[in-house]
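The sequence and structure come first.

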Amino acid sequence: MIRFEDILDRVEAYNPQSNLDLLRRAYVFSALEHKGQVRRSGEPYLVHPLHVAAILAEMKADDVSIVVGLLHDVLEDTLTSKQSIAKQFGPEVAELVDGLTKIGKFSYVSREQEQAETFRKMILAMVSDLRVVLVKLADRLHNMRTLQHLPEEKRREIARETLDIYAPIANRLGMGLVKGELEDLAFMHLEPEEYARVALDVERRMKGSQTMIEKIRARLAAKLAEAGIAGEVTGRVKRYYSIAEKMRRREVDAAELYDVLAFRIVTPETRDCYAALGLVHQLWRPVPGRIKDYIAMPKPNFYQSLHTTVMGEAAQPFEIQIRTREMDLISERGIAAHWKYKEGRLGPHADDARFQWLRQLVDWQSEVSDPRQFLASLKVDLYPDEVYTFTPKGEVFAFPRGATPLDFAYRVHTDVGHRCVGARVNGKLVPLRTALASGDIVEILTAPNQAPSRDWLSFVATSRARHKIRHFIQSQEKARAVELGRRLLDRELKKYRKTVKKLEAEGKLQAELPTWGFSKSEDLYAALGYGKLAPRNALERLIPAEQLDRPEPPKPETAVSRVVRKILPFGAPDITVVGHNDLLASLAKCCNPVPGEKILGYITRGRGVSVHSDNCPNVRNLLYDPERQIDVAWAGEKGASYAIELDVVTDDRPGLLADLTQAIAGEGSNIRRIEARSAEDGRGYVSVSLETSDAKHLEKILGRLKAISGVREVVRKYNVPKAGERD
């Protein structure tokens, strides 16, 4: 068990002016508040805040950060109040601890909404004081180190959240060490078999390479000394998650990767970096296209280094990174390498480009109400920017890979994006869906009558562009729904010699709005127009009961269901539309959800409710308007079978297809269709359509297939509709 005195010694070593009395009081307070609480491992709960404080001490954090690390869970897990913390340790500590407290204490509709609100609060807290996220990263890092004590489902949920949100946040703050460890730990819990395979491949490869590593290191050091450059040379193996991601992206084995093995040269001055690069290229031949100058063009997280990949004597490629000591410190510890609050600045300064992404995130996050949209956009915004483009005037814009001229247009200005009709890249006209490359000079063409298209959502890459397009389309859709809903209600009211205008003038309509959960009459009209509320249900509140026709039909029919019933006489018997028994539902063909999966409904135009798997990639594009989302649930019908499609990547070996079919049959599944082909790269590609009864059955089939020797990857196939085919 870690000792508090060890933490004090570590803090005092880098900060002799530290207020040790304050740290001791925080330790005692935390110990008293958490007394009697234990972790899943059986250890006293106090072990966790102690480890968080120790991680912060490794970052050379200030006293306030370490105090917050010791107290970060007291608001959530004890009866302590924010006022009590403020009284004992001051308002600064109290605000930071509150910023770290999860929203889980409160009641939300879904896990996604709870998660979205948690991240909203953390982002807002980051703007006022970045220490809140540094403590949160230390908290998450220790939780990931001890994740083995939780049930598998909970482990996977936390690991996925870590990989999607926390590791990218660490990356955007330049904290390479924290980011790398979080990614590896998440990878280990999400894909334990793949993690073990990569680890074994690297271990085997490195066993025979230790002599070579030392030989290359010594040769580099001797060459630098000969040229009079004071440089430190180290060799290392890349992180397992980084290796696995590159293997997937490039579709190669670990043996074919250039930069599994990497060397680092750390020099005193920037000019020494470029001199060292020249010396490296004198020793070994550089691989074309693999020289990157992040010193002249830093990454958005201000990472700076020279990268080059060279070919060794035994045709063994390896990467060499060259940077100064300051650059090396920033690449490992990021924002923690130079604490702004030591200068009296607790948050991002207006002229600090390092935090521009954070300010932009805050600008639009308050406008996004749908948690699915918020989380999807947050993930996109956190991933590394790797494409650098220029305006005709020479201004540099950074974008994620896959960004298009349309993303560029929305980066310039929202109106430029809305009115975009084309683009010139390097002087040539290109389609709007063209992926931009580093160094491109982009000129946007606009027209006053142009408006965003829903198809734009299928190829924009940035959260800003996606949000602006969704917002425009949602406004247009809602305006049409409001007009339709008003006409529907007016038509029904006229049967009782009433009108919407008259009810509005009397105040009757406004008085009844809260009973439906609406604050404005436009919300009521929109719900009627979308088909989420039947006009008959509205009349029951607006017309006296004695005037309404009796008896009331047992199942009132909505506008949507009347249209749907003409087109689709049968719905999905195993799906219930929550609160709308008269709405017909059908399983979406793009994802073919199966019982046991999380599902959601989407009100289509004239085809009832389309039911999608929560993991369906089309959901992100469909739900640009949250008002067309509707709750659905499995009705519990047993014995039905559902068709799903799998894509299997294998080694091309005799008998493998037979092994696949036997494994599927062995789990009691029927194969509807199977296609196989071999490729020149020595791999086999199999597409199979099969029947499954529920999500657990599907998991068993996937596990059986992945266990077959020679099977590299098994993925569930989703059909992405073409432009114009969406609901």
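Is Leu22 buried or exposed?

## Basis of the model

This is a predicted model, in which local features need pLDDT of at least 70, side-chain atom pairs count only at pLDDT 80 or more, and totals for chains, interfaces and linings use all residues. Residues are numbered from 1 along each chain as its sequence is written, and side-chain values use heavy atoms, with hydrogens and water left out.

## Leu22

Leu22 is buried, its relative accessible area being 14%. Buried stands for under 20% relative accessible area, exposed for over 50%, and partly exposed for values in between (1.4 Å probe, protein chains only).

Leu22 belongs to helix H2 (residues 20-33). Helices (H or I, at least four residues) and strands (E, at least two) are DSSP runs, numbered from the N terminus. Apart from neighbours within four places in sequence, Leu22 has contacts with Asp63, Val67 and Phe89, a contact being heavy atoms within 4.5 Å. Ile66 is 44 residues from Leu22 along the chain, and their C-alpha atoms are 9.9 Å apart.

## Helix H9

In H9, 13 of the 15 residues are buried, so the helix is mostly covered. The end C-alpha atoms of H9 (residues 131-145) lie 21 Å apart, which agrees with the 21 Å that its 15 residues should span at 1.5 Å a residue. The expected span is 1.5 Å times one less than the number of residues.

## Cysteines

Cys420 counts as buried, because its relative accessibility is 0%. Cys590 also counts as buried, at 13% relative accessibility.

The structure has zero disulfides, a disulfide being a pair of cysteine sulfur atoms within 2.5 Å. Cys590 is in none; the nearest cysteine sulfur belongs to Cys616 and is 3.6 Å away.
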